[in-house]
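The entries follow the order in which I checked things.

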Amino acid sequence: MLKLYGGARSRASIVKWYLEEIGVPYEFVTLDMQAGAHLQPDFLEINPIGKVPAIADGDFKLWESGAILLYLAQKHGKMPETLEQQAQVVQWVMFANATLSPGIFAEATRDRETPKLLTPLNQIFEKQSFLMGDEFGVADVAVGSILSYIPMMLKLDLSAYPAVLDYIKRIAERPAFQKAIGGN
């Protein structure tokens, strides 16, 4: 059985959300981050960087939430058929981790970056329900998790982005989201 390693409140909840969405059984291994469990030799064999989330799928080990999401989507037949659509999914997952998250959560750049990031997302969600169109997918887990953390952690006024707010509400109502993130 796949093992997902994470802290009680960590980015592992993003991977947990996707596993719940696609119905893949897993064991969640909670690491006591305060006690340094992520720096112990047994975990460093899984992720030598000592960060969570990480997975062990049999003998295969992988870390970084975006890489894990893409691996799971590919392994379980959840990636689109065409190379171009697959590249768009990868684009959104990379955007979530490399652009959206630091842009919103880095206090020094937040005021400047928030409108640059949320205005185009708002325009996309005015036209379609999810990032890749009308169907929820792994790109929505990557981007949606970051967006859903904004009202949970930052309490920013997002009223200028009503379609983003509707999107956050739509994904937060999903049972898998509630199980993985909503209870945090």
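Entry 1, helix packing. In this predicted model, I looked up the relative direction of helix α1 (residues 12-22) and helix α8 (residues 175-182), and found that they pack at an angle of about 155 degrees with their axes 8 Å apart. Angles over 145 degrees count as roughly antiparallel, and α1 and α8 are therefore roughly antiparallel to each other. I also noted the handedness, which is that of a right-handed crossing where α1 passes α8.

I listed the residues on both sides, and on α1 they are S13, K16, W17, E20 and E21, which meet A176, F177, K179, A180 and I181 of α8. Sorting the contact of α1 with α8 by class, I have five nonpolar, four charged and one polar residue.

I then turned to the division of the chain, which gives domain 1 as 2-76 and domain 2 as 83-179. Taken over C-alpha atoms, the centres of domain 1 and domain 2 are separated by 22 Å, and the contact takes 13 residues from domain 1 and 19 residues from domain 2.

For the area buried between domain 1 and domain 2, I have a computed value of about 1400 Å², with 69% of it given by carbon and sulfur atoms. Which three residues supply more than any others of the area that domain 1 buries against domain 2? I found W17, E21 and L70, which together supply 44% of that area. I note that W17 and E21 were already on my list for α1, where they take part in meeting α8.

How values were computed: Residues are numbered from 1 along each chain as its sequence is written. This is a predicted model: local features need pLDDT of at least 70, side-chain atom pairs count only at pLDDT 80 or more; totals for chains, interfaces and linings use all residues. Side-chain values use heavy atoms; hydrogens and water are left out. Axes are lines fitted to C-alpha atoms, for helices over the stretch in contact, and angles run from 0 to 180 degrees between N-to-C directions. Helices (H or I, at least four residues) and strands (E, at least two) are DSSP runs, numbered from the N terminus. Angles under 35 degrees count as roughly parallel, over 145 as roughly antiparallel, 65 to 115 as roughly perpendicular and the rest as oblique. A crossing is left-handed if the near helix is turned anticlockwise from the far one by less than a right angle, and right-handed if clockwise. Contact means heavy atoms within 4.5 Å. Ala, Val, Leu, Ile, Met, Phe, Trp, Tyr, Cys and Pro count as nonpolar, Asp, Glu, Lys and Arg as charged, and the others, Gly among them, as polar. Domain bounds come from an automatic or database domain assignment. Buried area is the accessible area (1.4 Å probe) that two parts lose on being put together, summed over both.
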